[in-house]
Amino acid sequence: MLGAAAALLASTAVQAQMKPEEMVETRQAGYQFMSWNMGKIKAQVIDGKEPFDQAKVAAAADVIAAIANSGMGSLFNTAANQLASVAKSGDQAAIKKAFGDVGASCKSCHDKFRAD
């Protein structure tokens, strides 16, 4: 699965062998892949732009959790793991809440990064 490949590429062991520029590119690719998967969930659970497909939502949540747990940072691991867990249940209200928690975790890091 692509999530496993992304997790491998972002692992600490692999990063230790990379040049700084490659590390930045890998992190950015991981975050972009997570963002893309967040968009898949958002379209189905939050916006309703696409019909809800529990299997697709669960797959997207699994990718987000895999990348979050691959050494990309520890700020949202718990939230990402919770999203992956509730996505398997198919409970859209629980998925919506867990999705919001991941978004809030991501936002808190963005806010710190962009602060003066």
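Visitor: Which residues of α5 are buried?

Guide: In this predicted model, the buried residues of α5 are Asn77, Ala79, Ala80, Leu83, Ala84, Val86 and Ala87.

Visitor: Let's take α4 first. What makes α4 roughly antiparallel to α5?

Guide: Helix α4 (residues 54-72) and helix α5 (residues 77-87) pack at an angle of about 160 degrees, and their axes are 8 Å apart. Angles over 145 degrees count as roughly antiparallel, so α4 is roughly antiparallel to α5. The crossing of these two helices, α4 and α5, is left-handed.

Visitor: Which residues of α4 and α5 meet?

Guide: On the α4 side they include Val57, Ala61, Ile64 and Ala68, and on the α5 side they include Asn77, Ala80, Leu83 and Ala84. By class, the residues of the contact of α4 with α5 are ten nonpolar, four polar and one charged.

Visitor: Which residues make the contact of α5 with α6?

Guide: From α5 come Ala79, Ala80, Gln82, Leu83, Val86 and Ala87, and from α6 come Ala94, Ile95, Ala98, Phe99, Asp101, Val102 and Ser105. The contact of α5 with α6 has ten nonpolar, two polar and one charged residues.

Visitor: Let's turn to the aromatic rings. How many aromatic pairs does the count come to?

Guide: The count comes to one aromatic pair, by a rule that asks for ring centres within 6.5 Å.

Visitor: Why is the pair of phenylalanine 33 and tryptophan 36 called stacked?

Guide: Their ring centres are 5.7 Å apart and their planes are at 20 degrees. Planes under 30 degrees apart count as stacked, so the pair of phenylalanine 33 and tryptophan 36 is stacked.

Visitor: What separates phenylalanine 33 and tryptophan 36 along helix α3?

Guide: About one helical turn, because they are three residues apart in helix α3 (residues 20-46).

Visitor: And is phenylalanine 33 buried or exposed?

Guide: The relative accessible area of phenylalanine 33 is 19%. Buried means under 20%, so phenylalanine 33 is buried.

How values were computed. Residues numbered from 1 in each chain as written. Predicted model: local features only at pLDDT ≥ 70, side-chain atom pairs only at ≥ 80, totals over all residues. Heavy atoms only, no water. Phe/Tyr/Trp six-rings, centres within 6.5 Å; stacked < 30°, edge-to-face > 60°. Helix = DSSP H or I, 4+ residues; strand = E, 2+ residues; numbered from the N terminus. Buried < 20%, exposed > 50% of the residue type's maximum accessible area, 1.4 Å probe, protein only. Axes fitted to C-alpha atoms, helices over the stretch in contact; angles between N-to-C directions. Parallel < 35°, antiparallel > 145°, perpendicular 65-115°, else oblique. Left-handed = near helix turned anticlockwise from the far one by under 90°. Contact = heavy atoms within 4.5 Å. Nonpolar A, V, L, I, M, F, W, Y, C, P; charged D, E, K, R; others polar.
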